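Thanks for asking for a walk through this one. Please have the sequence and the 3D view open side by side, and take the points below in order.

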Amino acid sequence: MFIAESVSPADFYIGQTDGRAAFEVVRLHQVRCEYRVVLDRLRLKKAVREALNGDFGVFHLSCHGADDGVRLSDRTDLSWTELAEILKPLASVDRLLVMASCSGGYAGLGTELRKAGAVFGYVFGSTAEEGVAFTHSCLAWSVLYNRLIEGKFTRRGVKKTIDRINGIAIGDFVYRRWDGARYLHYPLASQA
């Protein structure tokens with residue numbers, strides 16, 4: 001697992017780094033994992049190259065987001081189109097993308113990934129309009145990574161994992177699964 005974190009300077013200052021928390025959960029399982037602070041577009045591109053060269057199966061991006069894209073630590077706003085282009089070298093149906101950001105599970109990201117030819121097997125994120133609190137983000141990704149590491153990565157197992165996450169964390173968490181032509185999403189009630 002490769003975790004790239006680009007939260008606000010204020011979040012770094014007070015230690016509200018859900019990417020770091022996810023990294024610690026994965027390390028407890030002694031799974032190969034890297035953690036990088038990516039303050040800007042240049043370092044995000046570098047993290048993508050490093051994750052690709054290291055052949056990591058999961059790329060986790062922790063940052064702030066909205067329905068139109070994400071914001072990096074240096075206040076650079078990336079539209080979903082720009083983010084899809086940056087992630088394109090890493091894209092593979094054998095790789096998972098975890099978007100630890102508000103609106104990271106938004107349909108617009110899936111649309112732009114598809115248009116760019118930057119398809120991931122699964123994209124995990126939140127569709128919450130109100131944002132996801134730090135604690136709930138940490139809970140969600142801890143559950144996801146614990147279940148993945150335990151070998152619960154079947155279509156049914158992933159659905160149960162999302163149900164479990166939504167049972168304990170506030171954030172309308174979803175996954176989008178590539179079916180060969182488009183992204184299908186679960187739970188179905190989340191149309192965002």
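1. Let's begin with the largest pocket, whose volume is about 230 Å³. Please keep in mind throughout that this is a predicted model. The pocket's lining is made up of 19 residues. If you want to find the middle of the pocket, look for Asp18, Cys63, His64, Val132 and Ser137, the lining residues that lie nearest its centre.

2. Which elements supply at least two residues each to that lining? They are strand S3 (58-66), strand S6 (96-100) and helix H6 (134-149). Sorted by class, the lining of this pocket holds 10 nonpolar, 7 polar and 2 charged residues.

3. Next, colour the nonpolar residues and look for the largest nonpolar core, which has 31 residues. Leu44, Phe59, Leu83, Met99 and Leu113 are the members that touch the most others. Strand S1 (2-6), helix H3 (41-53), S3, helix H4 (80-87), S6 and helix H5 (107-116) each give two or more residues to this core. H4 provides the largest share, with 5 residues. As a piece of background, nonpolar side chains tend to be buried together in soluble globular proteins.

4. Leaving aside residues up to four places away in sequence, Leu113 touches Ala84, Leu97, Ala118, Val119, Phe120, Val123 and Tyr183. There is also a second, separate core of 28 residues, with Leu96, Ala100, Phe173 and Tyr175 among them.

5. Is Arg95 buried or exposed? Arg95 sits in the loop between H4 and S6. Its relative accessible area is 7%, under the 20% cut-off, so Arg95 counts as buried. Its contacts, not counting residues up to four places away in sequence, are Leu52, Asp55, Phe56, Gly57, Val58, Leu90, Phe120, Gly121 and Tyr122.

6. Asp55 is in the loop between H3 and S3, and it has a positive phi of about 55° although it is not a glycine. With a relative accessible area of 56%, Asp55 is exposed, whereas Arg95 is buried.

7. Asp172 is another non-glycine residue with a positive phi, in this case about 50°. You will find Asp172 in the loop between helix H7 (155-168) and S8. At 45% relative accessibility, Asp172 is partly exposed. For context, most residues other than glycine have a negative phi, and most peptide bonds are trans.

8. Strand S8 (residues 173-178) and strand S9 (residues 183-186) run antiparallel and are joined by 4 bridges. Trp178 has Tyr183 as its bridge partner in S9. Tyr183 is also one of the residues touched by Leu113.

9. The hairpin has 4 residues between its strands, and Gly180 there takes a positive phi near 105°. Gly180 belongs to the loop between S8 and S9 and is exposed, with a relative accessible area of 57%. How far apart in space are Gly180 and His136? Their C-alpha atoms are 32 Å apart, and the two residues are 44 apart in sequence.

10. Pro187 lies in the segment after S9.

Conventions: Residues are numbered from 1 along each chain as its sequence is written. This is a predicted model: local features need pLDDT of at least 70, side-chain atom pairs count only at pLDDT 80 or more; totals for chains, interfaces and linings use all residues. Side-chain values use heavy atoms; hydrogens and water are left out. On a 1 Å grid over the protein atoms alone, a cavity is a set of points where a 1.4 Å probe fits but cannot get out, and a pocket is an open set with protein on both sides within 12 Å along at least five of seven lines; lining residues have an atom within 4 Å of a point. Grid points are joined across faces, edges and corners, and a volume is the space filled by probe spheres set on the points. Ala, Val, Leu, Ile, Met, Phe, Trp, Tyr, Cys and Pro count as nonpolar, Asp, Glu, Lys and Arg as charged, and the others, Gly among them, as polar. Two strands pair if DSSP finds at least two bridges between them. A nonpolar core is a set of buried Ala, Val, Leu, Ile, Met, Phe, Trp, Tyr and Cys residues joined through side-chain atoms within 4.5 Å. Buried means under 20% relative accessible area, exposed over 50%, partly exposed in between (1.4 Å probe, protein chains only). Contact means heavy atoms within 4.5 Å.
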